Amino acid sequence: MTADDARGFEAVDTWVFDLDNTLYPSDAMVWPQVDERITLFVMQLYGLDGLSARALQKYFYHRYGTTLKALMVEEGVDPHAFLDFAHDIDHATIRLDPALGDAIEQLPGRKLILTNGSRKHAENVAKSLGILDHFEDVFDIAAADFVPKPERVTYERFLAQHAVDPRRAALFEDIARNLVVPHQMGMATVLVVPSAIDPYREAFEQEAVREAHIDHITNDLAAFLRRCVLPVAKDAA
């Protein structure tokens, strides 16, 4: 789905991808594992039962943007210890995605991952998908000084560190609010939504939002790249 006044991909030479729930489908069962680990961390930190810890975790998420940011502010939690714990998951549930890998490989220009997770997590997941070698680098939450998307300063740090001109970049992301600032900066924006309702995520996290800061919406990233991006990008290259 493409907005009538959507920005196209003719001038794009830098392709930026979020990681979680963007580069893999919901049936990869990556995020549910991470989410459970975060709940367990909160349980152990506060001595709470599972339901209470879950409620507190979601409160933190809505107030601070991420549970990690909340725990750093309120409890002085070591972010590296938290991330190592949260991302200690089973990657066997992730299947190789040759179609996605082929499409990303064919994109002309640079490819980068921009994630609120850790570099190690991003590399492990991308490797399991068979797409890690297609990316130049990962800009993770540590590189962002632990300030998560959608904060403007995080995008500014990313653009500066990698010398990216936002007017020549496209961002693929699964949460609509994380595309507001990039669109204001001049990036083409693509919202990636699940092909079916994901019971492990909140409704607002998977809504096909039709707003001015969303240029394109897809529920199949590989197909979208092949059908809507590559023909334009290759002709312009």
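Where is His213 found, in terms of strands S5 and S6? His213 sits in the loop that runs between strand S5 (188–192) and strand S6 (216–218).

## The whole chain

What you are looking at is a predicted model. The protein chain is built from nine helices and six strands. Its radius of gyration is 17 Å, close to the 18 Å that the globule rule gives for 237 residues, so the chain is as compact as a globular protein of that length.

How much of the chain is tucked away? Of its 237 residues, 51% count as buried. The chain exposes about 10,800 Å², and carbon and sulfur atoms supply 51% of that area. Looking at contacts with a separation of 6 or more, residues 24 or more positions apart account for 69% of them. As for charge, there are 23 positive and 38 negative side chains, and the centres of the two sets lie 2 Å apart.

## Back to His213

Is His213 buried or partly exposed? With a relative accessible area of 11%, which is under the 20% cut-off, His213 is buried. Its side chain reaches the backbone oxygen of Ala176 at 3.1 Å. Not counting residues up to four places away in sequence, His213 touches Ala176, Leu179, Val180, His183 and Thr189.

## Ser118 and its partners

Another loop residue worth a visit is Ser118, found between strand S2 (110–114) and helix H6 (119–129). Ser118 has 11% relative accessibility, so it counts as buried. Which side chain does the side chain of Ser118 join in a polar contact of 3.1 Å? That partner is His87. The Ser118 side chain also reaches the backbone nitrogen of His121, at 3.1 Å. Leaving aside neighbours within four places in sequence, Ser118 is in contact with Leu83, His87 and Asp140.

Now for a few spots inside helices. Arg37 belongs to helix H1 (residues 31–46). Setting aside neighbours within four places in sequence, Arg37 is in contact with Phe85, Ala86, Asp88 and Ile89.

Pro182 lies in helix H8 (residues 180–185). Its relative accessible area is 0%, so Pro182 is buried. Apart from neighbours within four places in sequence, Pro182 is in contact with Tyr155, Leu171 and Met187.

Leu100 has its place in helix H5 (residues 98–106). It has 2% relative accessibility and therefore counts as buried. Beyond neighbours within four places in sequence, the contacts of Leu100 are Leu23, Ile131, Leu221, Ala222 and Leu225.

| Pair | Apart along the chain | C-alpha to C-alpha |
|---|---|---|
| Arg37 and Met72 | 35 residues | 17 Å |
| Pro182 and Phe224 | 42 residues | 20 Å |
| Leu100 and Leu225 | 125 residues | 8.3 Å |

Most residues other than glycine have a negative phi, and most peptide bonds are trans. A few places in this chain go the other way.

What kind of peptide bond joins Lys149 and Pro150? That bond is cis, with omega at about 15 degrees. Pro150 is in the loop between strand S3 (137–139) and helix H7 (152–161).

Asp145 is found in the loop between S3 and H7 too. Although Asp145 is not a glycine, it has a positive phi of about 60 degrees. Its relative accessible area is 49%, so Asp145 is partly exposed.

Met29 also has a positive phi, near 55 degrees, and is a residue other than glycine. You can find Met29 in the loop between strand S1 (14–17) and H1. At 28% relative accessibility, Met29 counts as partly exposed.

Definitions and conventions. Residues numbered from 1 in each chain as written. Predicted model: local features only at pLDDT ≥ 70, side-chain atom pairs only at ≥ 80, totals over all residues. Heavy atoms only, no water. Helix = DSSP H or I, 4+ residues; strand = E, 2+ residues; numbered from the N terminus. Rg over C-alpha atoms; globule rule 2.2 N^0.38 Å. Buried < 20%, exposed > 50% of the residue type's maximum accessible area, 1.4 Å probe, protein only. Contact = heavy atoms within 4.5 Å. Areas by Shrake-Rupley, 256 points an atom, 1.4 Å probe, with all protein chains shown as cover. Lys, Arg positive; Asp, Glu negative; His and termini not counted. Charge placed at Lys NZ, Arg CZ, Asp CG, Glu CD. Polar contact = N/O pair within 3.5 Å; in protein donor to acceptor, adjacent residues only side chain to side chain.
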